[in-house]
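This briefing is meant to be read beside the sequence and the coordinates. It goes through a selection of local features, grouped by topic.

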Amino acid sequence: MQELLIDKQHDEKRQGEAYAPFQSDANTYKRHFYIESYGCQMNFSDSEIVASILYDQGYGATRNFEEADLILLNTCSIREKAEQTVRKRLSEFKKLKKAKPAMLVGVLGCMAERLKAKFLEEEKLVDIVVGPDAYRTLPDLIAEAGGGQKAVNVLLSREETYADIAPVRLNSNGITAFVSIMRGCNNMCSFCVVPFTRGRERSRDAASILHECQELFDAGYKEVTLLGQNVDSYYYISDSEPKPVTFANLLEMVALISPDLRVRFSTSHPKDITDDVLHTMAKHENICKYIHLPLQSGSTRVLQLMNRNYTREWYMAKVDRIREIMPDCGISSDIIAGFCTETEDEHKDTVSLMEYAGYDMSYMFFYSERPGTLAQRRYQDDIPEDVKKRRLQEIVETQNRLSLQSNKKDIGKTVRVLIEANSRRSEEAWMGRNSQNKVVIFPKESFDLKPGDYVNVRIADCSQATLFGSIV
Ligand code: 5AD
Ligand code: SF4
């Protein structure tokens with residue numbers, strides 16, 4: 001059974017992706033770091049900040065962990081399975097470390113924050129533990145660990161946004177990039193460990209965001225995805241400008257960099273997304289018509305237990321509003337099956353709401369109790385695993401049907417595609433995405449095109465996950 005689908009925010013298919021810039025640094029640097037990232041896009045984006053800090057210290061990146069002096073795992077705590085994967089990986093590195101005692105192993109990210117110094121005892125042979133707000137101290141921690149001390153910094157901050165650090169783009173296709181616009185989360189959804197591992201919400205200086213996006217565009221990038229746990233609550237007041245910057249303002253400022261720079265964002269919260277944001281999206285062709293709007297559950301009672309602060313009806317009205325303002329907007333979702341006390345009828349409410357929204361795609365999970373969360377403290381995780389899995393399966397089947405339906409509607413349409421790379425299946429075909437974030441595959445034919453080019457493609461066929469067409 002497919003336990004989960006792949007998430008932009010918590011993309012577990014990319015789990016453990018080894019990270020290094022395209023150019024090989026093998027001969028330029030004396031010391032090398034190897035970094036693997038797990039979980040959400042924010043973690044992948046953080047790894048690019050960590051890389052920048054390490055480059056400044058004279059470390060080069062390597063894709064081969066065996067030649068590394070420093071191995072880093074940027075970890076995720078969102079579900080138990082994510083943590084198990086990291087532990088397994090650490091035990092593999094242990095063998096290497098026994099043979100190469102001078103090599104340091106560090107754990108970054110949410111698991112580091114959640115387990116703190118306990119990590120050093122639990123996973124012997126881990127040398128460094130660094131939480132998401134403490135990456136600036138990594139050089140000191142490396143020095144401490146190199147001297148045989150325990151090196152831990154898991155202090156959370158109310159201010160840190162790494163605004164001034166220029167990320168080193170790792171594993172980049174040179175066309176699309178993530179730009180972090182805020183950190184932390186104040187929402188306290190009862191199932192979620194993020195507010196505990198990533199701390200309070202804070203917004204990054206708007207000028208530094210614009211500067212980063214402009215630099216990306218100047219370097220040939222054609223798409224930026226603005227990242228935050230809850231982008232709709234972005235709010236920045238600078239010392240020099242009396243007017244605060246809202247998310248709608250920020251979106252517009254980034255969109256105005258160039259009509260050739262596509263703008264995406266993730267994640268929106270149904271309680272917070274405003275008409276202002278929707279109108280801004282509608283106004284600018286280059287703001288992609290795609291919203292990731294996690295539902296979690298279609299039952300008002302369960303939503304209340306989840307502390308989501310909206311009802312079934314509120315969510316439906318948001319979907320109506322999006323479609324009213326942007327009839328062609330793609331919508332995707334996150335859904336949790338089998339949350340505490342969920343009844344069979346409440347599960348059916350989730351399925352019926354999925355159908356109402358007609359999602360193009362969803363990331364689907366069964367509930368995994370996380371230590372320290374509100375739900376763990378307040379409610380019993382009382383839905384048996386086989387029931388959770390069966391409900392999840394029904395949700396996955398519903399989504400598969402909806403995705404195919406949505407793709408079939410595109411047959412015959414001509415869509416604008418940003419070319420990202422060769423198709424994985426054939427060097428003779430391009431892979432790109434349309435505004436709605438759907439993957440489009442089409443033959444190169446004799447046209448002289450390259451990644452980063454926009455092209456109009458007429459859709460002739462589809463699968464549940466992909467559109468197929470030809471250049472017009
Ligand atoms: N169990 C299952 N899924 C979870 N998510 C967050 N916490 C949990 C949990 N404890 C899901 C939510 C969220 C997505 C990123 O991960 O659907 O939107
Ligand atoms: Fe977790 Fe909710 Fe914050 Fe998303 S909005 S990170 S689900 S607490």
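Predicted model: local features only at pLDDT ≥ 70, side-chain atom pairs only at ≥ 80, totals over all residues.

Asn309 is exposed, with a relative accessible area of 53%, and its phi is positive, at about 65 degrees, although the residue is not a glycine.

**Backbone geometry**

- Most residues other than glycine have a negative phi, and most peptide bonds are trans.
- Asn309, with its positive phi of about 65 degrees, is placed in the loop between H10 and H11.
- Asn171 also has a positive phi without being a glycine, with a value near 50 degrees; this residue belongs to the loop that runs between strand E7 (151–153) and strand E8 (176–180), and a relative accessible area of 25% makes Asn171 partly exposed.
- The peptide bond that joins Ser266 and Thr267 is cis, with omega at about 10 degrees, and Thr267 is found in the loop between strand E14 (262–266) and helix H9 (275–283).

- Arg308 is buried and yet has no salt bridge, since the nearest side chain of opposite charge, that of Asp334, is 7.1 Å away, whereas a salt bridge requires a side-chain nitrogen and a carboxyl oxygen within 4 Å.

**Cysteines**

- A disulfide is a covalent bond between the sulfur atoms of two cysteines.
- Which count does a search of the whole structure give for disulfides? The search finds zero.
- Cys213 is buried, with a relative accessible area of 0%, and the cysteine sulfur closest to its own, in Cys288, is 13 Å away, which is too far for a bond.
- Cys288 is likewise buried, at a relative accessible area of 2%; the closest cysteine sulfur to that of Cys288 is in Cys329, at 9.9 Å, and this too is too far for a bond.

- Leu227 is placed in strand E11 (residues 223–227) and is buried, with a relative accessible area of 0%.
- Although Leu227 and Met182 are 45 residues apart in sequence, their C-alpha atoms are 7.1 Å apart in space.

**Salt bridges**

- Side chains of opposite charge can pair when their charged atoms come close.
- How many salt bridges does a search of the whole structure find? The search finds 35.
- In the salt bridge between Arg87 and Glu122, the closest N and O atoms are 3.0 Å apart; the pair links distant parts of the chain, with Arg87 in helix H2 (residues 80–99) and Glu122 in helix H4 (residues 118–122), 35 residues apart. Arg87 is partly exposed, at a relative accessible area of 25%, and Glu122 counts as partly exposed as well, at 37%.
- Arg136 forms a salt bridge with Asp164, in which the closest N and O atoms are 2.8 Å apart. Because Arg136 lies in the loop between strand E6 (128–130) and helix H5 (138–146), and Asp164 in the loop between E7 and E8, the pair ties together parts that are 28 residues apart in sequence. Arg136 is partly exposed, with a relative accessible area of 38%, whereas Asp164 is exposed, at 60%.
- Asp360 and Lys438 form a salt bridge whose closest N and O atoms are 3.8 Å apart. Asp360 is buried, at a relative accessible area of 17%, and Lys438 counts as buried at 10%.
- Salt bridges with shared partners also join Asp46, Asp133, Arg183, Arg198 and Arg202 into one network.

How values were computed:
Residues numbered from 1 in each chain as written. Chains lettered and ligands numbered in written order. Heavy atoms only, no water. Disulfide = S-S within 2.5 Å. Buried < 20%, exposed > 50% of the residue type's maximum accessible area, 1.4 Å probe, protein only. Lys, Arg positive; Asp, Glu negative; His and termini not counted. Helix = DSSP H or I, 4+ residues; strand = E, 2+ residues; numbered from the N terminus.
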